[in-house]
Amino acid sequence: MTVRVDFSALAKARWHEYAVRFLFGGAITVITGLLAKEYGPIFGGLFLAFPAIFPASATLVERHEREKKERAGIANTIRGRQAAAVDARGAAMGSLALMVFAFAVFKLEPIWNSGLTLFLAFAAWLAASILLWICRPHLRFKPR
Amino acid sequence: VQFVFRFVVGGLIVSVFAALGDVLKPKSFAGLFGAAPSVALATLGLTIVANGKLYAAQEAHSMIVGAAALFFYCRVTIWLIMNHNSRAASAAMLAIPVWLACAIGAWLLILR
């Protein structure tokens, strides 16, 4: 299965969906900062992996798939939910890769240049995500 | 002012990663970006400037636990969608207490 880019998907989203993502992302970033300030970096750091993107994305994926089927004259389909479950499966793989990102920052940040550390940690997240995605037929966390 | 800046940077980075997830196909690959380090990139960059490298490393240490909690959150969301016919939005919201329980539970047991 090849990965491709479809920019027409951007036009399908409604403006308020972009606004919700912006507000949610901004709010979580501020809350993480406040929690770290109040309870220390160990507690605040937990929230760096809060599900900030997934809820809005899964909702969007489900709606787009449902509307596509409705336009084709197929009502009451479970296709939208299945698409959201596949999206969640991808996020589950991404969350394992997120542990690699966090570990890389934890180990490298005290001894390396900060910009380089964040760049390398992000590259490690991307590499681990892609590796997990390629190996997914052999992994057992499929939606049932 | 610092919090307004955090809000704008966090909102922008999360929006960019979410848009990446929208344009990429197939959906299983796009889903990876639902767990992209968006909040982490926004927060850690600002934290390093404001509080220093060791403070940021401590945050990253506990983020490992937060990411493990995110994995369980995704599994529960899949289970709710496929086994309980939940809509994606309700499943994603209903599973948030699972993330909170895993993350805070691990903080109480391991990190504190």
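This is a predicted model: local features need pLDDT of at least 70, side-chain atom pairs count only at pLDDT 80 or more; totals for chains, interfaces and linings use all residues.
**Entry 1: interface.** I began with the area that chain B and chain A bury between them: about 7,500 Å², 76% of it on carbon and sulfur atoms. Buried area is taken as the accessible area (1.4 Å probe) that two parts lose on being put together, summed over both. Side-chain values use heavy atoms, with hydrogens and water left out.

I then looked up contacts (heavy atoms within 4.5 Å). On chain B, 77 residues are in contact with 87 residues of chain A.

**Entry 2: pairs across the chains.** I counted four salt bridges between chain B and chain A, a salt bridge being a side-chain nitrogen of Lys or Arg within 4 Å of a carboxyl oxygen of Asp or Glu. Helix 4 of chain B gives the most to the side that touches chain A, with 26 residues. Helices here are DSSP runs (H or I) of at least four residues, and strands (E) of at least two, numbered from the N terminus.

**Entry 3: Arg21(A) and Asp22(B).** I found a salt bridge between these two, with the closest N and O atoms 2.9 Å apart. Arg21(A) lies in helix 2 of chain A and Asp22(B) in helix 1 of chain B, so the pair joins two chains. Buried means under 20% relative accessible area, exposed over 50%, and partly exposed in between (1.4 Å probe, protein chains only). Arg21(A) is buried at 4%, and Asp22(B) is buried at 11%.

**Entry 4: Glu109(A) and Lys53(B).** The closest N and O atoms of this salt bridge are 3.5 Å apart. Glu109(A) sits in the loop between helix 5 (79-108) and helix 6 (114-134) of chain A, and Lys53(B) in helix 4 of chain B. I read 0% relative accessibility for Glu109(A), which counts as buried, while Lys53(B) is partly exposed at 28%.

**Entry 5: helix 4 of chain A.** I checked residues 54-71: the helix has 18 residues and reaches 26 Å from its first C-alpha to its last, close to the 26 Å expected at 1.5 Å a residue. The expected span is 1.5 Å times one less than the number of residues. Its buried residues include Arg63(A) and Glu65(A).

Arg63(A) forms a salt bridge with Glu17(A) (2.7 Å, N to O). Glu17(A) is in helix 2 (residues 15-39) of chain A, so the pair ties together parts 46 residues apart in sequence. Glu65(A) forms a salt bridge with Lys27(B) at 3.2 Å between the closest N and O atoms. Glu65(A), Lys68(A), Arg79(A) and Lys27(B) are linked in a network of salt bridges.

How values were computed:
Residues are numbered from 1 along each chain as its sequence is written. Chains are lettered from A and ligands numbered from 1 in the order in which they are written.
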